[in-house]
Amino acid sequence: ARAAGALGYAVASMAVVCGCSVVVDSLFYGRPVLSAWNLVKYNIFGGPGLGPELYGVEPWFFFFKNLLLNMNLPFVLALLCPVLLLLLRAAPSGVPAGEKARKGKGRPAPIHTGPVPSTARKLMLLSPWMVWFGFWMLPAHKEERFMVPVYPVVLLSAAVALELLVFRPRAVATTWKAVAILELCAGLGVVRILALVLYFRAPLVVTEGLAGSLLAERGPRPAVPATLCVGKEWYRFPGHFLLPTDRVRPRLIPSHFKGLYPSLFNGTTAVQPHLNQRNEATYELPSVVQHLSQCDYLFDSQFEGQTETRYLDSPAWVVHQQERFVDLAESPRLARSVVLPWYSLPRVKWIPFFILKRKFIANAQ
């Protein structure tokens, strides 16, 4: 009976969620759409030559590596949580006699006095992230964003594991050890955030620098905005929302990338004619310029051994904005993943990331 009731709740929840999805998706797309079904239809029933593998593949352990890097110790605790629940299921709940004499000496008071959920109920409440995690290990195409929906449950599992280790009789840790664990989590999070800010901020810095210089210019607005061209670094371009679009407009230039390029946004109901299910590039787009002569600014980077055009060495361009960016190929994995001043900074290698300006524009000013 309980299983039937749980199944009924699951079906009812799915119906409510799918119903809301259909209403919202159809409103924005301008036609009846169920996005969840489109996802399943393409990724599972796409047919020969179609599927997520066209967009890059990763090994089965990708999410282990990714979550360990970005969530550090809480991810380890979340993995241990079901094991701890099962191992401690038969543990006695009373306080041993030896503990009574030490009560109040380093042992925290109970967090709650109400009924404690059973092990089976805890496992059921925490199971969504485990099922989700296991499912996404199977497809060859993996991305970090696939784990975003279960981040809260991962952290809840980590909290339950910490409680099992600290706030129960016969615990293997005391309060000061719990505080030490939390401080370690915070410290690992800080050095990871520092790495993201220090090593990968260059695209934002140069784009904001261009926007600031354009806004500081005096005189009337140009009749035709200047063109900022983006080549091989298109996936790092932070977007036109950071730019004064009445003075500059971003456009793409063909590069060695042979997949689908982003297109200009012209509403949620518009169907982009260049989109295809085989991830094949189409260069005849309003968002793509065909000749470099149409570019006034250029968003790019340069590194040793690159096969793309080395615009930084061209006499036709001058540096307008420049910031250093971590050299992923030449920097050790640990050094570029976190910032440990005594280890990372001496070992990290850098490449220039820049916005170039065509010389004739620079000379005219």
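In the predicted model, the axes of helix H4 (residues 73-87) and helix H6 come within 11 Å and cross at roughly 140 degrees. On the H4 side the contact is formed by Phe-75, Ala-78, Leu-79, Cys-81, Pro-82, Leu-85 and Leu-86, and on the H6 side by Thr-119, Lys-122, Leu-123, Leu-126, Trp-129, Met-130 and Phe-133. By class, the residues of this contact comprise 12 nonpolar, one polar and one charged.

Helix H6 (residues 119-136) also packs with helix H7 (residues 151-166), their axes coming within 9 Å and crossing at roughly 130 degrees, so that H6 is likewise oblique to H7. The crossing of H6 with H7 is left-handed. Here Leu-125, Leu-126 and Trp-129 of H6 meet Val-153, Val-154, Leu-156, Ser-157 and Val-160 of H7, a contact with seven nonpolar residues, one polar residue and no charged residues.

The largest nonpolar core holds 27 residues, of which Leu-210, Leu-228, Leu-243, Val-248, Tyr-297, Phe-299 and Ile-355 touch the most other members. Two or more residues are given to this core by each of helices H8 (175-200) and H9 (202-216) and strands S1 (226-230), S2 (248-252), S3 (297-301), S4 (317-326) and S5 (350-358), with H9 giving the most, namely five residues. Apart from this core lies another, of 15 residues, including Ala-78, Trp-136, Val-150 and Val-154; of these, Ala-78 takes part in the contact of H4 with H6, and Val-154 in that of H6 with H7.

How values were computed:
Residues numbered from 1 in each chain as written. Predicted model: local features only at pLDDT ≥ 70, side-chain atom pairs only at ≥ 80, totals over all residues. Heavy atoms only, no water. Axes fitted to C-alpha atoms, helices over the stretch in contact; angles between N-to-C directions. Helix = DSSP H or I, 4+ residues; strand = E, 2+ residues; numbered from the N terminus. Parallel < 35°, antiparallel > 145°, perpendicular 65-115°, else oblique. Left-handed = near helix turned anticlockwise from the far one by under 90°. Contact = heavy atoms within 4.5 Å. Nonpolar A, V, L, I, M, F, W, Y, C, P; charged D, E, K, R; others polar. Core = buried A, V, L, I, M, F, W, Y, C linked by side-chain atoms within 4.5 Å. Buried < 20%, exposed > 50% of the residue type's maximum accessible area, 1.4 Å probe, protein only.
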